[in-house]
Amino acid sequence: LWSSGVADDSPPMTQVPFLAAGALQVSQDPGEVRVPAGGGVALGCQVLVAEPWDLLRLEWVKGTGGKVLCATRLHPTSPSSPFNCTPHLHLAWHPPRATLHLRQVREDDAGRYLCRVTLEI
């Protein structure tokens with residue numbers, strides 16, 4: 001953890017903490033999966049933060065264009081009930097894991113999915 005500040009004669013500034021590189025680690029599973037039309041799949045996103053945190057923004061995006069399918073704010077110790085992102089996408093948070101459930105998979109669901117996590121300050 002490091003902070004920024006200015007050393008001069010101006011009035012004191014509030015220091016803003018910044019997390020060092022590597023303080024936020026995100027991993028996804030499974031790496032690749034094939035699901036038949038009409039089936040379902042759970043995509044996992046493990047979120048590990050080295051320093052205490054208050055709020056994270058989690059987004060599941062699809063494809064290289066980064067279309068956001070589902071987004072929410074997460075608290076470190078509060079599990080959330082599953083909520084609907086779209087009619088067949090549901091997201092659950094059980095720290096430190098977020099799970100995106102795709103139900104009744106369709107052909108247009110094929111593609112790459114990315115769990116994007118941002119530490120909010």
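**View A. Pro30 sits in the loop between strand 3 (24-29) and strand 4 (41-49).** Strands are DSSP runs of E with at least two residues, numbered from the N terminus. A cis peptide bond links Asp29 to Pro30. Its omega is about -10 degrees. This is a predicted model: local features need pLDDT of at least 70, side-chain atom pairs count only at pLDDT 80 or more, and totals for chains, interfaces and linings use all residues. Residues are numbered from 1 along each chain as its sequence is written, and side-chain values use heavy atoms, with hydrogens and water left out.

**View B. A cis peptide bond runs from Pro95 to Pro96.** Omega here is near 5 degrees. Pro96 belongs to the loop between strand 8 (89-94) and strand 9 (97-102).

**View C. Gln104 has a positive phi without being a glycine.** The angle is about 50 degrees. Gln104 lies in the loop between strand 9 and strand 10 (113-119). Because its relative accessibility is 61%, Gln104 counts as exposed (over 50% relative accessible area, 1.4 Å probe, protein chains only).

**View D. An open sheet of 3 strands has the order 6-5-10.** Pairing is antiparallel; two strands pair if DSSP finds at least two bridges between them. Strand 6 (67-74) and strand 10 each have a single partner strand, so one side of each edge strand lacks a neighbour in the sheet. Neighbouring strands are turned by 20 degrees against each other on average, direction ignored. The axes are lines fitted to C-alpha atoms.

**View E. Strand 5 (residues 56-62) and strand 6 run antiparallel.** They are joined by 7 bridges. Lys62 stands opposite Lys67 of strand 6.

Methods:
Helices (H or I, at least four residues) and strands (E, at least two) are DSSP runs, numbered from the N terminus. Buried means under 20% relative accessible area, exposed over 50%, partly exposed in between (1.4 Å probe, protein chains only). Axes are lines fitted to C-alpha atoms, for helices over the stretch in contact, and angles run from 0 to 180 degrees between N-to-C directions.
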